[in-house]
Every structure is written in structure tokens, then in C-alpha cells.
Amino acid sequence: MSAFVAIVADTWRQSVQQIVFVIMIGLVLLVTSLFIVLPQSKTDAEGRQVMAMMSDSQPGATYERLWDGLYTELVNRQIGTNARTEEKRKEAVKWEDALRLAQKDFADAQRAGAPPEQLDEHVREIEATKAEVVAANERLERERRILREEAGVHVEDRKAKLTPLEQGVQFWLDGAIVALYWASLLGFIAAGAGFFPGLLQSGSVDVVLSRPISRLQVYAGKYIGGIILYSIVMTVAVLVLYFAIGLRLGVWHGRLFLALPIMVFSAALLYAIVALIGIRTRSTSFAMGLGYFFLVVVDWALALIQAGALAEFSGLAWLRPVADVVRVVFPNFRTMQFWSSAVALGVPIFEWPLFVTAFAWFLICLAWGYHLFHKADY
Amino acid sequence: MEYAVETEGLTKTYKGKVQALLPLDLRVPAGSCFGLLGPNGAGKSTLVKTLLSIVRGSGGSAKLLGRDFRHAHARKGVGYLPEGHRFPRYLTGRTVCQYFGNLAGLSGRALHDDVQRQLDLLDMGEWADKKIAKYSKGMAQRVGLAQAMLGDPKLIFLDEPTDGVDPLGRQKIRGVVKELVGKGVTIFFNSHLLSEVELICDHVAIMHHGRVLMQGRLEDVMGVTNDGAAVRFTTSDLDASTRAALSARGEVAEAGGGFVLKVSDREMINAAIDDLRKAGVKVYAVEPHRVTLEEAFIHLINQQPDKGVGGVKA
């Protein structure tokens, strides 16, 4: 046990020596401070206590409205608006594709000098398809309206239980969670990228491996050490945020802490990927570079593909099944950030298939990293 | 006889099919100071790393202190100082020892006291709380030796322990090693400094191209070239005719300030002295010539058909 603790402790010692770790702490500190210092509790024209920025001379309902919008969006996601409207959306898309095809056939027939009766036939087909498109879109809108109303009931119910100030502060703290999520992950890539390559340096790893501890203990100690370190930093940041906002504005928003497990899980997945690259290449720069590439470029691209946005934008029908496959094959940090944000606002969203994908990646990266570490010669 | 290290058919083949260790049988008597010799690329460091599972063996078996080397607990009671170690520069001498002591299963007061004891023993007590980054090569080497001795191991592998250490430091390390051997600790000494091995080791093995060419007591290995009597003459300059006359008595080899004459019949020594007197050569000293380990080593390696360096390509 003392050997395992020694590896964990060494990871901490290693990190405090790294400027990148200090930068990570600095980033988290900066974000936390900004979200503590900027908001204030002010009285609006109607005599209500609302949240406003320091510079707002005429505080209003801005942050209540923002809370309303965000809460509605989250409730929609929670009650499965997307899933429930998906079938109708697909139907509308199918008719739009059919319309495009009919219009193309008409243009081809015209170019080929087809007789007028054949062209009339094409025109009739186009008109009929157009009617189907309109009907499908109406059905989709009707479904969305029903769900919006359903969500509206939830939102109004919640709204009735909160003061305007609480709504504003909850929206603000949700923003803090989003900012902390990204700032901490960006910082953690830099800080964690060197943990394994540092351990694997020739002349350093030899003595570690010559001790009566298994490689599994060494690997687990180094990995868990990094995660504990991240957890401590984030717990402190959220604690500070909770108490500072509570003391300054009188709103004690304990749900903030519910975001921590999702943040830690995201960091654990990202660290498993970075550790795997670090073990494979034995290079801090590579691990850091590829870690950033994954989070900033690949994750963005995957998010766009998964949301079906690329397929909609480009009009390429084949991108739609690709989006469906990508959604269940790759994890997405944007989705996990959304979960953390939602749970902090009191709307827990847990999309099992996406979580299973993320967890599978986490296990695969960890196991693959260990396999490489276990079989390698040093 | 009890052995601290035993290997049977141990092999290691690296990627690219380089056979660093061919089926290798080695026995290191418990309580001995064992020197492993060999030219660069002979497989010495690979052997040590394989025994400690830093490098994964490809076949065969080995035992450390009677335990199967593949299990982590086989390394209990084993210390190791690697060649060219690079301890984390953010650690101090004391924290290096505490860290590796923890990894060896030590903790608390026992570890604290042991660290202090070993650092003091190697005259590093005053520098214990300075960062490794500020240490000279010799100081870092002493800290490396200190961490290898933590927890009173029964077997210590030392890979080039005096590398980069000044003469006084070398003497200190030799003294510590002798003291350890005196206490019954087995020392596995890996060095290319043959004179040093000769000074402190009682058993040696010579490796070449992943094979053990010879192993045994130091005097037995050094005796490999003593197939006749060798006498060292310290004389004034010899002329060609005298040299030719001496060649008739035995094998003549140049040596600083004289020559070494190797004869098959001891009577030839007298005859050689007569030759020198007759030629008017001044004889300052005549003494038995002891074959050094270096000479024995070179003799053995030169007998090998392939004198190149590196492992064997399979």
C-alpha cells in the first residue's frame, strides 16, 4: 500500500514542479474569481432583488430570461424532445429528398426534349411531393409545439419556486460550470501529458520497476494520482464558488456540486487518452499535442457530425447514417459538458447510450495503455 | 552451495530479432561479490534488467534469492543502482531515498532512520536536502547507491557504480561494497573497469554476444592464461640481437621499462638472465608476472571467432 501511495504522491510532486500545472491552477482560479467578482444583487425598477453585473445601472430581468431559455432547453432535452421528434424530422427530410429527386427528373426530361404530357406528369409529381413536404413539416412543428408546452409546464412549475435573484444566480453559476469544465480540461491536458512520459524516462523508470511492486500498481498509482489531483483542484474551485456566491449574493446553490462527478469522469476519460498516447510515444509534447487535437478539433467535428448539423448543412444524405454511427461509437466532451451544466441547474440528464460509449472508451484506453506499459522493455 | 541469482536457459530477443541473451546459465553464489564483465553490447545490462523484469525475458527461467524472477515479490530484498540513472531533478537526495524506500515497502520512522543512515554512510548527510539538480555526477551516484542499500537488501545489483565518481569517491564506494559483502550481502557488480572488479570481486563471469564464456572464482578466471611461468624483467634498453636471443628462451612481450618473458620451463629464466648479462644489459628487477584480469579478459575475448560488439541477429 505504501508503494502505491508513494507513486500517487510522486505524481503530485511532479505536477507542482511543472509550469503547466501552475497555469492550469491559474486558469481555474481566474475563471472562479471572475464568476465571483462580476455579479451583484441589485434592486430593479419594480423593487425586486435581481442579479446584475457590477456595471449595470438599470438592472432588469435579463438573467431571469436567460435562465428561462436555458432551463427550457434542458427540460426539452430531459423529456426527450429530440428523440420524440426525430421520427417526424426524418419523415420530413425523406419528403424533401424525394422533392429534390422529382425536380431533378423534371429537369432531365426537359433537357432530353420529352413530350409535353410526360412533362405534365413530372409537374404533378412535384406538386404532390411538395404537399407531402408541407404536411410532414406541419406534423413536426405540431409535435414540437406539444413538447414545448409540456416543457413549459415544468419550467413554470420550477420558476414559481425561485426568486428572480435565484434564477439569475443559477444561470450565472451554470455559466461558471461550463467555463470551469473547459478551462480545467484544457489545463489538465497540459498538466497530465507529462505524468507518464516523465515516469518512463530512461534511468528513472528502471529503479521504480526494480522495486517489489507490480507494473499494475505503478500504472494505477500514476493514473489515479492524476485524477485525484484534478478532483482536488475542481472541488476546491466549486467550494470557493459556492461559498463566495452564497456569502455575496445570499443564494446557496448546492446543486453545483452535482456537476463534479461528471467533470471528474470527463477528465478521467481525457487523461486515459492522453496517458495512452504518452505511454505509446513516451513524449510529453506528443501527448499534449494529440490531447489538444482530440479535444479541440476531433471533438468539435464529432459534435457537428453527431448533431446531424453537417448532413443538414451540406445536404449530403449519406452523412445522416454516418451521424447515427458516430453518435454511438465516439464519446463527446460537449455532450458531457451539457450533462454537467444540466445537473447543476437541477435538470439531471443521463443519456445511457452516450455514457456507455464514453465509459467503453475510458476502459479501452486504460486497458490499452496498461497493456503497452506492461509488455514494454525499459 | 546457495545461490543468490540462478538462471537457466534465460534468453532475450529484442524487436528486430536481435538476440541480446542466448540461452544463458549463470550462478551467483550467495554472499559473494560477483563481477559481470564483457565488451560493449555483450548483454550485461540486458541481463541485469531482465533479472529485475525491467526488460521482459523471452524464455528460460531465473531465480532471485530463490524466488521466481517473474513475480514482483522476487524483488523484495533486492537493491539496484542502474547505469546512467536520472532521478527526478525536482527531488532532493533525501526524497529520492524516501520515494524508492516507499516503493520497497518501507515507511514511517524505520524509513526515515534508514535513509539518514545510508546517506551519512556515503557522506551525503549534509547534502541530503538539496535538490538533485544541484548535485555533481559523483554525488548523484552516491545517492543512487544509498537508495539501493535501503531496507538492508540481501542482493544488490550495481551497474557501473563508480561511473563519473572521483578517485576518493571510488575508494569510498569500494569500501562500502566490501563492508556489505562482509555482512553477507551478495553484490552483483556490472562494470567495464576491470581493475575495479579485480579489486573487490571474488567471483566473475565474462559475457560475449549474449553468452557467458566463463564464470567462476576470480583466481580461476585469471588463471586462464597461466599456461606457463611468466616473469617480468625491468632492464636497460635491449638491442636486436639480445631480443633475438631471448626469443629463443620463450615468448617475449614488451612492457614499460622492460619486458615479460613467458617460459614453459623455469630453467629458461636463468638462461635469459645469463643472456642479458652477456649482452651487458643492466637488470634492475626480476619478478613473477601476475596476469591481470584485463589481460585474462582480452585473452578470452580474442579467442572468440567474432570480436565485434552488439547482440546476435537471429
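A compact globule of 378 residues would have a radius of gyration near 21 Å, yet chain A comes out at 27 Å; that radius is taken over C-alpha atoms, and the globule rule is 2.2 Å times the number of residues to the power 0.38. Please keep in mind that this is a predicted model, in which local features need pLDDT of at least 70 and side-chain atom pairs count only at pLDDT 80 or more, while totals for chains, interfaces and linings use all residues. Residues are numbered from 1 along each chain as its sequence is written, chains are lettered from A in the order in which they are written, and side-chain values use heavy atoms, with hydrogens and water left out.

Let's stay with chain A for a moment. Its C-alpha atoms fill a box of roughly 90 × 65 × 30 Å along the principal axes. The chain has 15 helices and two strands, where helices (H or I, at least four residues) and strands (E, at least two) are DSSP runs numbered from the N terminus. Of its 378 residues, 49% are buried, meaning under 20% relative accessible area with a 1.4 Å probe and protein chains only. Take the contacts in chain A (heavy atoms within 4.5 Å) between residues at least 6 apart in sequence: 78% of them join residues at least 24 apart. The accessible surface is about 17600 Å², with 66% belonging to carbon and sulfur atoms; these areas come from the Shrake-Rupley method with a 1.4 Å probe.

Now zoom in on one residue of this chain. Glu143(A) sits in helix α5, which covers residues 116-160. Which residues does Glu143(A) touch, leaving aside neighbours within four places in sequence? They are Arg84(A), Thr85(A) and Lys88(A). Glu143(A) is buried but has no salt bridge, and Lys88(A), the nearest side chain of opposite charge, is 4.2 Å away. A salt bridge needs a side-chain nitrogen of Lys or Arg within 4 Å of a carboxyl oxygen of Asp or Glu.

For contacts in chain B between residues at least 6 apart in sequence, 70% join residues at least 24 apart. The accessible surface of chain B is about 14400 Å², and carbon and sulfur atoms supply 49% of it.

Methods. Buried < 20%, exposed > 50% of the residue type's maximum accessible area, 1.4 Å probe, protein only. Lys, Arg positive; Asp, Glu negative; His and termini not counted.
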